[in-house]
Amino acid sequence: MKKELLKVLREKKPLVHHITNIVTVNDCANITLAIGALPVMAHALEEVEEMVSAADALVLNIGTLTNEQVEAMIKAGKAANRLKVPVILDPVGAGATKFRTQSSKKILEEVKISVIKGNSAEISILAGKGGKIRGVESQSVADDISEAAKDLANAYNVVVAVSGVTDIITDGKRIAYVKNGHPMMGTITGTGCMLTSVVASFCGVCEDYFAATVEAFVAFGIAGERAAQSSNVKGPGSFKVIFFDEIYNLTPEIIEKDKKIIL
Amino acid sequence: MKKELLKVLREKKPLVHHITNIVTVNDCANITLAIGALPVMAHALEEVEEMVSAADALVLNIGTLTNEQVEAMIKAGKAANRLKVPVILDPVGAGATKFRTQSSKKILEEVKISVIKGNSAEISILAGKGGKIRGVESQSVADDISEAAKDLANAYNVVVAVSGVTDIITDGKRIAYVKNGHPMMGTITGTGCMLTSVVASFCGVCEDYFAATVEAFVAFGIAGERAAQSSNVKGPGSFKVIFFDEIYNLTPEIIEKDKKIIL
Amino acid sequence: MKKELLKVLREKKPLVHHITNIVTVNDCANITLAIGALPVMAHALEEVEEMVSAADALVLNIGTLTNEQVEAMIKAGKAANRLKVPVILDPVGAGATKFRTQSSKKILEEVKISVIKGNSAEISILAGKGGKIRGVESQSVADDISEAAKDLANAYNVVVAVSGVTDIITDGKRIAYVKNGHPMMGTITGTGCMLTSVVASFCGVCEDYFAATVEAFVAFGIAGERAAQSSNVKGPGSFKVIFFDEIYNLTPEIIEKDKKIIL
């Protein structure tokens with residue numbers, strides 16, 4: 001069943017409402033289209049509730065947050081909760097400033113989140129296990145990030161997904177390790193944000209958010225591997241172009257063949 | 001005469017002032033440069049009037065509107081009206097939320113618009129003929145979108161341009177159908193916004209805004225066709241890169257040869 | 001020593017905090033990564049001081065300024081001054097509107113800037129020597145832009161860098177002319193902003209900001225030349241992709257071999 005999730009996604013074309021940062025917003029829209037979903041970006045307090053009411057998933061990404069934006073996120077998130085629309089939180093830079101840590105926690109307290117997707121430092125910090133972040137990049141993390149992720153998942157009854165060389169996805173009970181991906185993905189900005197958009201796209205068509213998130217990580221990582229192997233890649237500029245092509249050209253068969261999941 | 005409009009554009013390099021969304025603003029700047037005009041983006045209330053006073057065209061694109069931004073649009077639009085600078089409105093997502101519909105109408109009431117460019121749902125909704133939009137993508141529209149476009153054109157004494165498989169451009173009396181374009185253009189975000197920037201670029205050098213808009217749609221569609229035919233296109237990433245190249249490499253001769261207009 | 005500055009940069013990976021415009025923010029993040037540094041973007045008043053305290057350089061770019069953003073820039077800039085973090089100012093469009101000219105001057109008065117990087121009109125205007133700008137592009141400048149740059153450098157005890165066919169970098173005493181670069185760089189938006197990010201990246205690892213700025217201009221110009229010479233460049237779309245690759249693939253040896261500096 002899971003094998004065909006990409007097919008379902010492309011048939012249903014879920015609408016993914018983003019409230020996100022100004023740095024990678026264009027990439028998030030394009031990756032959402034490339035995987036087969038439909039992006040819409042809207043952050044005005046006057047319209048977020050109405051926009052999310054038409055959506056199949058909501059992304060809250062705090063990459064360039066402001067107080068007003070966090071307010072819009074919470075308003076949209078509460079509407080999503082009422083409508084059973086899954087909410088995906090990307091706590092970009094949690095730990096880098098108090099404002100980001102507190103805003104992430106505030107969103108977690110006020111909105112029922114479906115999936116938290118972060119790097120190891122962000123997850124470690126939100127789990128209360130310490131960790132250090134430099135700008136928006138992990139520097140040090142909890143000794144056992146799997147345990148931190150599980151604790152966070154259980155604390156908020158949420159799927160927690162930690163991106164890294166080996167990705168970790170857990171709902172507090174189940175845990176999956178995904179080994180797909182390639183170091184070239186770290187040479188461009190926005191891969192983290194784009195992955196969150198892809199997670200939301202899959203959650204928009206699959207109520208088992210753990211399974212949806214695993215599938216998203218696998219698909220995203222495989223596209224990265226395939227792009228990196230292209231003889232046309234000469235650096236991050238060409239990698240990015242071909243990465244979008246590879247996301248677009250993914251098939252359930254490619255995912256089945258190349259997936260590296262340890263359950 | 002119309003054949004040479006691109007030549008005039010590249011000689012005069014009109015300055016196109018944009019008040020636009022955060023998703024596609026970079027693409028709009030780059031497409032404006034690629035067609036041969038000069039983009040400038042400025043939205044602060046403190047400077048929009050002064051900035052538009054140096055401009056040859058003004059783009060108002062509500063893709064990620066806020067109340068304050070709409071206020072800046074109206075202020076800039078009124079200044080543009082006083083100075084006879086053409087104003088191009090892209091009512092992105094009108095119909096998706098009341099806020100977008102009402103803001104579009106408010107701009108239309110308070111500013112003399114030269115060209116409204118939208119998809120069929122946006123135009124149908126602004127014409128009061130119903131229609132349905134999902135996020136920012138047309139779902140259903142008036143039975144006869146040509147009539148809806150004409151009615152809207154006559155109601156506001158404006159050129160109305162409807163993008164679609166066949167584009168429709170009308171000033172309420174004249175009507176043109178443009179058959180240029182390619183489905184690959186729908187695989188990336190921002191083609192609608194970019195087209196609006198190209199319309200504004202042509203309107204900045206041609207007072208017959210109907211003719212200017214037709215030329216812009218034709219040019220844009222031809223570049224899309226040429227890009228899609230490239231053997232280097234493997235998906236939306238590479239398509240986008242080559243599309244910018246093709247816009248830049250357009251000539252009056254290519255446009256004359258490949259245009260598909262039904263008047 | 002200077003020859004190896006790129007090596008130092010890539011070892012230290014300086015964190016470059018940007019408060020910048022919505023048009024080119026993604027390009028600035030990607031160029032910062034490509035040269036070997038680490039970008040972070042944050043503009044909320046609540047966090048700019050804390051974010052800059054972890055940074056090695058601060059970019060203030062007024063490309064789409066608002067009053068609130070200028071306030072955040074000054075707050076971040078003052079914190080940077082206390083912490084001896086270099087501050088790089090890009091006064092985009094100074095002269096195009098009073099708001100931009102006055103905001104640039106306000107920042108210069110309230111924050112100790114390390115490097116001002118602008119085009120010739122922006123620098124001429126800030127030096128009080130007149131000049132004319134159309135949108136954000138130079139139209140006319142002081143008779144002797146070198147003298148204007150020196151005056152500005154001495155007035156604020158700052159390095160002044162003027163981008164152009166021949167770039168001029170001066171600290172008021174020393175002056176360098178850089179002849180690297182290529183006209184294709186003007187076919188895409190954001191090269192000016194990206195250059196500022198690269199200047200900041202070098203200043204983040206070298207306290208001689210004059211030397212760091214010269215090295216940044218040389219490196220940036222060489223990458224532009226190398227990209228433009230690629231047989232894969234067919235226009236601005238492909239140029240931009242390959243330009244990022246070339247920044248990433250720069251080595252101290254390439255810089256040493258291709259640099260065109262007149263001291």
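The structure is a predicted model: local features need pLDDT of at least 70, side-chain atom pairs count only at pLDDT 80 or more, and totals for chains, interfaces and linings use all residues. Residues are numbered from 1 along each chain as its sequence is written, chains are lettered from A and ligands numbered from 1 in the order in which they are written, and side-chain values use heavy atoms, leaving out hydrogens and water.

Start with the chains. Two copies of a chain are related by a rotation about an axis and a shift along it.

Now the surfaces. Only 7% of the interface residues of chain A are also interface residues in chain B, so the copies meet through different surfaces. Contact means heavy atoms within 4.5 Å.

Next come the helices. Two packed helices are described by the angle between their axes and the distance between the axes. Axes are lines fitted to C-alpha atoms, for helices over the stretch in contact, and angles run from 0 to 180 degrees between N-to-C directions. Helices are DSSP runs (H or I, at least four residues), numbered from the N terminus.

Look at chain B. The axes of α8(B), residues 191-203, and α9(B) come within 8 Å and cross at roughly 135°. That makes α8(B) oblique to α9(B). Angles under 35 degrees count as roughly parallel, over 145 as roughly antiparallel, 65 to 115 as roughly perpendicular and the rest as oblique. On α8(B), the contact residues include B:L195 and B:F202; on α9(B), they include B:F217 and B:F220. By class, this contact has 12 nonpolar, two polar and one charged residues. Ala, Val, Leu, Ile, Met, Phe, Trp, Tyr, Cys and Pro count as nonpolar, Asp, Glu, Lys and Arg as charged, and the others, Gly among them, as polar.

Follow the chain to α10(B), residues 236-249. Its axis and that of α9(B), residues 209-229, come within 8 Å and cross at roughly 130°. That makes α9(B) oblique to α10(B). Among the residues in contact are B:F220 and B:A223 of α9(B), and B:F239 and B:F243 of α10(B). The contact holds eight nonpolar, one polar and two charged residues.

B:F239 and B:F243 are four residues apart in helix α10 of chain B, which means that about one helical turn separates them.

Finally, look between chains. Helix α10 of chain A and helix α10 of chain C pack at about 135°, with their axes 6 Å apart. That makes α10(A) oblique to α10(C). A:P236, A:G237, A:S238 and A:V241 meet C:V241, C:F244, C:D245 and C:Y248.

Note on methods
Helix = DSSP H or I, 4+ residues; strand = E, 2+ residues; numbered from the N terminus.
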